[in-house]
Amino acid sequence: MKEFYHVLLQCQQKNEKAIRQLLNDFRNTIKKYSYQCEDSSVIQDLETFLIKVVTHLELEKFSSKNMVMAYLHKALRNEYLRIQRKKQIQPQKELCYDDQILSIQKDIISLEECLELKEAILKLKSEQKSVIILKFIMGYQESEIAEELHITRQGVNKIKQRAFAEIKKYYKK
């Protein structure tokens, strides 16, 4: 434990050699998740995440090396799952915004207003775009959106409200 503890302390002090050793210790786990994601860029994301976790790790809360290792493996797994969910949502939700936004009730709003709305929606964060499109273009219920995005209905509502606020800001400019 003392050697591993020393490596972690050195990582917290941003010692490059210790960080390389830590990444080497977790190389197999990180590669496994990268392979499962079928995306080599996940390696860099997970390595960055691991360094960040170790940097903020309160070592005194752990009584053994096994507890620290288990914690770090679980943190990596959770980050991998978060990345996986994000990657699954994006391709499904990468809709043809041009066609779909322009087709929003053309008979009610003018083409110019439609283009302004399209521009405002395209400036939203990815998650906000997804919620707005699923709700108002595809007609999903909030509970269906929550299930699709793996968040609570409250989360969907908060994202939707933030998106509305951003759209309002856009129109005030």
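Guide: Rings of Phe, Tyr and Trp count as a pair if their centres lie within 6.5 Å. Keep in mind that we're looking at a predicted model.

Visitor: Okay, how many aromatic pairs does the structure hold?

Guide: In general, a pair of aromatic rings is described by the distance of the centres and the angle of the planes. Here there is one such pair. The ring centres of Phe62 and Tyr71 are 5.3 Å apart and the planes sit at 55°, so this pair is tilted.

Visitor: And is Phe62 buried or exposed?

Guide: Phe62 is buried, at 16% relative accessible area.

Visitor: What about the nonpolar core: which residues touch the most other members?

Guide: The general idea first: in soluble globular proteins, nonpolar side chains tend to be buried together. In this case, the largest nonpolar core has 26 residues, and Leu8, Phe26, Leu46, Leu50 and Leu72 touch the most other members. Helices 1 to 5 each supply at least two residues of the core, and helix 5 gives the most, with six. Take Leu72: beyond its neighbours within four places in sequence, it's in contact with Phe4, Phe26, Leu50, Val53, Val54 and Leu57.

Visitor: Which residues of helix 4 are buried?

Guide: Val42, Leu46, Leu50, Val53 and Val54. They cover an arc of only 100° around the axis, so they lie on the same side of helix 4. The face turned away from that buried side carries exposed Gln44 and Lys52.

Visitor: How far does helix 4 reach from its first C-alpha to its last?

Guide: Its 15 residues reach 22 Å, close to the expected 21 Å.

Note on methods: Residues numbered from 1 in each chain as written. Predicted model: local features only at pLDDT ≥ 70, side-chain atom pairs only at ≥ 80, totals over all residues. Heavy atoms only, no water. Core = buried A, V, L, I, M, F, W, Y, C linked by side-chain atoms within 4.5 Å. Buried < 20%, exposed > 50% of the residue type's maximum accessible area, 1.4 Å probe, protein only. Helix = DSSP H or I, 4+ residues; strand = E, 2+ residues; numbered from the N terminus. Contact = heavy atoms within 4.5 Å. Phe/Tyr/Trp six-rings, centres within 6.5 Å; stacked < 30°, edge-to-face > 60°. Expected span 1.5 Å × (residues − 1). Arc of directions from axis to C-beta.
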